[in-house]
Amino acid sequence: MHSARRTGRGKAGSRGLEVAARWGLAARGVIYLLVGVLALRIAFGDNGEQADRGGALHALAKQPFGSALVWAVGVGLAGMALWRLSEAVFGAAGPDGRKTSKRLASAGRFVFYTVVAYSVLSFAAGEKGSGSSDKQSQDVTSRVMDLPAGRWLVGIGGIVIACAGVWIAFRAIQRKYHKHLKLSEMSPRIRKAVDVLGVGGGVARGAVFAVAGGFAVAAAVRYDPDKAKGIDDTLRTFSRTAAGPWLLVAVAVGLALFGLFSFAMARWRRV
């Protein structure tokens, strides 16, 4: 299986894609770690930055060599997109990597990371974007609702996102990521640490997706684009529950854990 994939790519191309994949996973880790930190600050009353990708990029840009760091994240995410494209074309690592369902999933991830990489690279080039994730979500929802059967499209999209969130959390709890890791290269202590990061981070990430999808469904049902919420407002919603800011603290810590988990994946994932 691996030899067939290497034949299709070539040894040099395979090595290049491995570097791109690991760089991309690390870049994803930076974004999630920063979003988690920003969400924690919001939970404790600091509303200086939006807790979303845009806020994370602004925070990163303020650091020493910030511009270079943003470029590095953007290039890494572009590498992630290329890696996912290679999986869609040649098949992913593992015994079932060439299944049609796996290839379609990789194709979907390629599209997603292409869009994300483009937005980050545009930011690095000086284009500050169209505002927060909340405003962008409302604008997109409004435009889709103007289409024929747009209300149904928004509702179905919200259900898909919510189900994806539940699926992400469930797979994290089951530790499905184990099949992607080089477990033989990890000590028992590292395995336990990675499981804490993977389960905690996956559950928090899944919860955010599920709640965001629920808001999209609510926007469709009420025919009100303002009910749709981006990552920032979705996170802020956790602090408005009966648990108060402590639920947001738990989710924020979970997102930061997922960022650290992405770093672990960059080191030990099979590519």
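What follows is a short chat about helices, rings and a few single residues.

Q: What kind of model is it, and what pLDDT do local features need?
A: This is a predicted model: local features need pLDDT of at least 70, side-chain atom pairs count only at pLDDT 80 or more, and totals for chains, interfaces and linings use all residues. Residues are numbered from 1 along each chain as its sequence is written, and side-chain values use heavy atoms, with hydrogens and water left out.

Q: Start with packing. At what angle do helix 3 and helix 5 pack?
A: About 35°, with the axes 11 Å apart. Helix 3 covers residues 53–61 and helix 5 covers residues 100–124. Helices are DSSP runs (H or I, at least four residues), numbered from the N terminus. Axes are lines fitted to C-alpha atoms over the stretch in contact, and angles run from 0 to 180 degrees between N-to-C directions.

Q: Is the crossing left-handed or right-handed?
A: The crossing of helix 3 and helix 5 is right-handed. That term applies if the near helix is turned clockwise from the far one by less than a right angle.

Q: Which residues make the contact?
A: Helix 3 supplies Arg 53, Leu 57, His 58 and Ala 61. Helix 5 supplies Val 116, Ser 119, Val 120 and Phe 123. Contact means heavy atoms within 4.5 Å.

Q: How do they divide into nonpolar, polar and charged?
A: Five are nonpolar, two polar and one charged. Here Ala, Val, Leu, Ile, Met, Phe, Trp, Tyr, Cys and Pro count as nonpolar, Asp, Glu, Lys and Arg as charged, and the others, Gly among them, as polar.

Q: Which residues of helix 5 are buried?
A: Ser 106, Tyr 113, Val 116, Ala 117, Val 120, Ser 122, Phe 123 and Ala 124. Buried means under 20% relative accessible area, exposed over 50%, partly exposed in between (1.4 Å probe, protein chains only).

Q: What span should helix 5 have?
A: Its 25 residues should span 36 Å at 1.5 Å a residue, and the end C-alpha atoms are 36 Å apart, which agrees. The expected span is 1.5 Å times one less than the number of residues. Just after helix 5, Gly 126 has a positive phi of about 110°.

Q: And helix 8, how many residues?
A: Helix 8 has 35 residues, 188–222, and reaches 51 Å between its first and last C-alpha, close to the 51 Å expected. Tyr 223 follows helix 8, with a positive phi near 50°.

Q: Switching to rings. How many aromatic pairs?
A: Five. Rings of Phe, Tyr and Trp (its six-membered ring) pair if their centres lie within 6.5 Å; planes under 30 degrees apart count as stacked, over 60 as edge-to-face and the rest as tilted. One of the pairs is Tyr 32 with Phe 258: edge-to-face, 4.8 Å centre to centre, 70° between the planes.

Q: Where do those two sit?
A: Tyr 32 is in helix 2 (residues 11–43) and Phe 258 in helix 10 (residues 245–268), 226 residues apart. Tyr 32 is buried at 17% relative accessible area, and Phe 258 is buried at 5%.

Q: Which cluster holds Tyr 32?
A: Tyr 32, Tyr 177, Phe 258 and Phe 261 form one aromatic cluster.

Q: Last one. Arg 22: buried or exposed?
A: Arg 22 counts as buried because its relative accessibility is 15%. Arg 22 lies in helix 2. Beyond residues up to four places away in sequence, Arg 22 touches several others, including Lys 182, Met 265 and Trp 268.
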